[in-house]
Every structure is written in structure tokens, then in C-alpha cells.
Amino acid sequence: MPVDQFPTIAQIDKKFIEMWLHGKSEKTQRAYRADIHKFYTYVQKPLQGVTLEDFQNFIDSLGNLKPTSQARTIAAVKSALSFGVKIGYLQFNVGAVVKLPKIEDTLAERILSEQQIAKMFALETNPRNHAILILLYRAGLREAELCDLQWRHVQNRTEAGQVAIYGKGKKTRYVLLDQETWREVVALKKPDDAADTYVFQSRQARSRSGAKSRRLDESQIHRIVHAAARRADITGNVSPHWMRHAHATHSIENGAALTLVKETLGHKSIQTTAKYVHVRPNTSSTQFLKI
């Protein structure tokens with residue numbers, strides 16, 4: 001949502017909002033624009049006039065949202081206020097004392113079994129979509145990383161290969177592919193595909209940052225994964241990130257070192273990787289009870 005479509009009062013902060021969003025991923029920008037638009041619509045003030053009471057009243061108004069959506073919206077506003085103080089646009093950060101709500105950890109509910117993943121693979125007959133599913137799982141890619149993949153990122157290694165991923169945190173990592181995955185991916189390449197051609201393309205070009213692009217949109221990846229899960233009789237709102245959760249969990253359970261999983265998935269912290277051990281423990285004190 002362009003800033004020009006924000007409430008009139010927000011136009012005062014237009015330049016600041018663009019500076020705040022600069023450099024963030026397209027996905028983050030979309031989410032932050034929607035969240036800050038919601039904030040302006042409620043407070044009807046420019047940021048320099050916002051008080052702690054305004055922010056607290058806004059938080060109270062979010063009661064109809066899911067806890068995760070509430071937390072994301074509050075985090076977006078806190079980010080804007082913090083950035084404002086950092087660059088001298090705001091004198092005080094009224095959001096500094098606001099704490100994010102605690103969210104129930106539902107990770108264990110979003111981890112698919114190896115059997116479920118295998119069934120999703122087996123029932124997907126479209127070659128492109130099948131390759132999307134196996135890369136999401138076997139390479140542990142985020143959906144944006146998969147969509148950004150170009151043929152120059154797909155690199156040969158004797159009988160198999162690797163993919164170079166420029167991911168979250170603006171860091172590049174390299175993920176090895178097994179022979180089966182490698183052959184399936186490179187089979188998608190057309191003779192006229194250039195190095196900067198997207199591996200997974202949409203049928204129609206769409207506008208991205210002022211230019212036409214055939215890059216497949218993340219929303220299409222969601223539809224492909226959701227349809228595959230439905231065919232495999234998997235309940236729940238299965239998303240591409242569930243495949244990444246499954247990669248982490250299955251590799252750890254099969255003996256992979258946490259440090260290796262961390263590097264493969266591009267986690268910033270080993271604690272992020274370790275959470276997969278905590279939600280699927282191999283032992284528990286309940287095993288030692290006598291009655």
C-alpha cells in the first residue's frame with residue numbers, strides 16, 4: 001500500500017515512513033505498511049504528536065485480531081518509533097515501555113511427519129510444482145528465497161550441485177543438493193534461459209519495483225503447498241514454512257548437528273535451531289515415573 005493512500009494525517013510523515021521502510025524486504029514492507037496504516041487510521045495524528053496513551057489505546061483496539069497478528073502490528077509500530085528516535089525525527093520513543101504480548105508456542109503443531117512429506121511429493125504430478133516442494137523441504141528454503149532463485153544461483157558440483165541463497169539478513173549461504181533433487185531442478189531449464197532467468201517463473205509478467213518481472217510470487221507458492229497438503233489429507237493451514245520446519249526437525253532427529261542445520265537454514269542464532277529439539281524431545285522425566 002503506497003503511503004499516498006494512507007490517511008491524510010500520515011502524509012506529514014511520508015518521507016519518514018519511506019526512510020523507515022528503505023532496505024527492508026518486499027514482504028516486510030508490505031506487512032509494515034499495512035500495520036502502520038492501521039495505526040494512523042486509529043490515532044489520527046502524525047508520529048510526533050503520538051503519546052504513550054495513544055499507543056496503549058491502539059493496542060487495546062486490536063483485540064479482534066489473533067495474538068500473532070496483534071504482536072506483529074505492535075512490533076511494527078515500535079520499530080517505526082524506535083527508528084524515529086534513532087535518526088532524530090522523534091524526541092521520545094513512547095513505545096519503548098510497551099512490551100510485546102507473549103505468544104503461545106505452536107511450533108509442534110506445524111511440523112509434518114516424513115510420511116506426510118513423502119505423500120505430498122508422491123501426489124504432485126506437475127514437474128515445476130514438484131520441484132518447488134522438494135526444494136522447500138530438502139534445501140529448507142524460505143518461500144521468498146525460492147522465488148528469488150535464478151539459474152546463476154544453481155551451480156554444478158560434479159554429479160550433483162548446490163544453490164546459492166541470498167537470504168534473510170542479507171547474507172549468502174550455499175546449500176548442497178542431492179543427485180535426485182539436482183536432476184529434477186536442472187530438468188526445468190529451457191534452452192533459452194539466461195543466467196538471470198528465474199528458475200520458477202509465473203506465466204504473466206508483473207510489476208516489481210517499477211519493472212516487469214516473471215518472478216513467481218510468494219502467494220503462488222502458498223497455493224501450491226496448500227493444494228499439495230490437501231491432496232495428502234493433511235489438515236491445518238499448511239504453508240511453505242511448514243516444509244522448512246520439517247527439514248529442521250527431520251534432519252536433527254536423523255542425526256544432523258545443530259550447527260550444520262543452522263548454516264543450511266540460515267538461522268542467525270543457534271537458539272533458533274535448538275527450538276526444534278525442545279518441541280520434539282527424545283526423552284522426558286515422565287519415563288522415570290513409577291506410578
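Accessible areas in this talk come from the Shrake-Rupley method with a 1.4 Å probe, and for residues only the protein chains shown count as cover. On that basis the protein exposes about 16600 Å², and carbon and sulfur atoms supply 52% of that area.

What we have here is a predicted model, in which local features need pLDDT of at least 70 and side-chain atom pairs count only at pLDDT 80 or more, while totals for chains, interfaces and linings use all residues. Residues are numbered from 1 along each chain as its sequence is written, and side-chain values use heavy atoms, with hydrogens and water left out.

Let me begin with the overall picture. The protein has twelve helices and five strands, where helices (H or I, at least four residues) and strands (E, at least two) are DSSP runs, numbered from the N terminus. Of its 291 residues, 42% are buried; buried means under 20% relative accessible area, exposed means over 50%, and partly exposed lies in between, with a 1.4 Å probe and protein chains only. If we take contacts, meaning heavy atoms within 4.5 Å, between residues at least 6 apart in sequence, then 57% of them join residues at least 24 apart.

I turn now to helix H6, residues 127-138. The expected span of a helix is 1.5 Å times one less than its number of residues, so the twelve residues of H6 should span 16 Å, and its end C-alpha atoms, being 16 Å apart, agree with that. Ten of the twelve residues are buried, so H6 is largely enclosed by the rest of the structure; among them are Asn 129, His 130, Leu 133 and Tyr 137. Just after the helix, Gly 140 takes a positive phi of about 65°.

Next comes the second largest pocket, which has a volume of about 290 Å³. Which residues are closest to its centre? Of the 15 residues that line this pocket, they are Arg 138, Val 175, Leu 176, His 247 and Thr 264. Strand E3 (171-177), helix H10 (240-253) and helix H11 (258-265) are the elements that give two or more residues to the lining, and E3 gives the most, with five residues. For the method, a 1 Å grid is laid over the protein atoms alone; a cavity is a set of points where a 1.4 Å probe fits but cannot get out, whereas a pocket is an open set with protein on both sides within 12 Å along at least five of seven lines, and lining residues have an atom within 4 Å of a point. Grid points are joined across faces, edges and corners, and the volume is the space filled by probe spheres set on the points.

Thr 273 has a relative accessible area of 0%, and, leaving aside its neighbours within four places in sequence, Thr 273 is in contact with Ile 252, Leu 258, Val 261, Lys 262 and His 267.

Two loops deserve a remark on backbone geometry. Gln 44, in the loop between helix H2 (26-43) and helix H3 (52-60), has a positive phi of about 55° although it is not a glycine, and Gln 44 is partly exposed at 47% relative accessible area. Lys 45 has its place in the loop between H2 and H3 and counts as partly exposed at 28%. The side chain of Lys 45 makes a polar contact of 2.7 Å with the side chain of Asp 54; a polar contact is a pair of N or O atoms within 3.5 Å, where within protein one must be able to donate a hydrogen and the other to accept it, and residues adjacent in sequence count only if both atoms are side-chain atoms. Asp 233, in the loop between helix H9 (218-231) and H10, likewise has a positive phi, near 60°, and is exposed at 62%.

I finish with Arg 72 in helix H4, residues 67-86, which is partly exposed at 38%. Leaving aside its neighbours within four places in sequence, Arg 72 is in contact with Ala 31 and Asp 35, and its C-alpha atom is separated by 8.7 Å from that of Tyr 32, 40 residues apart along the chain.
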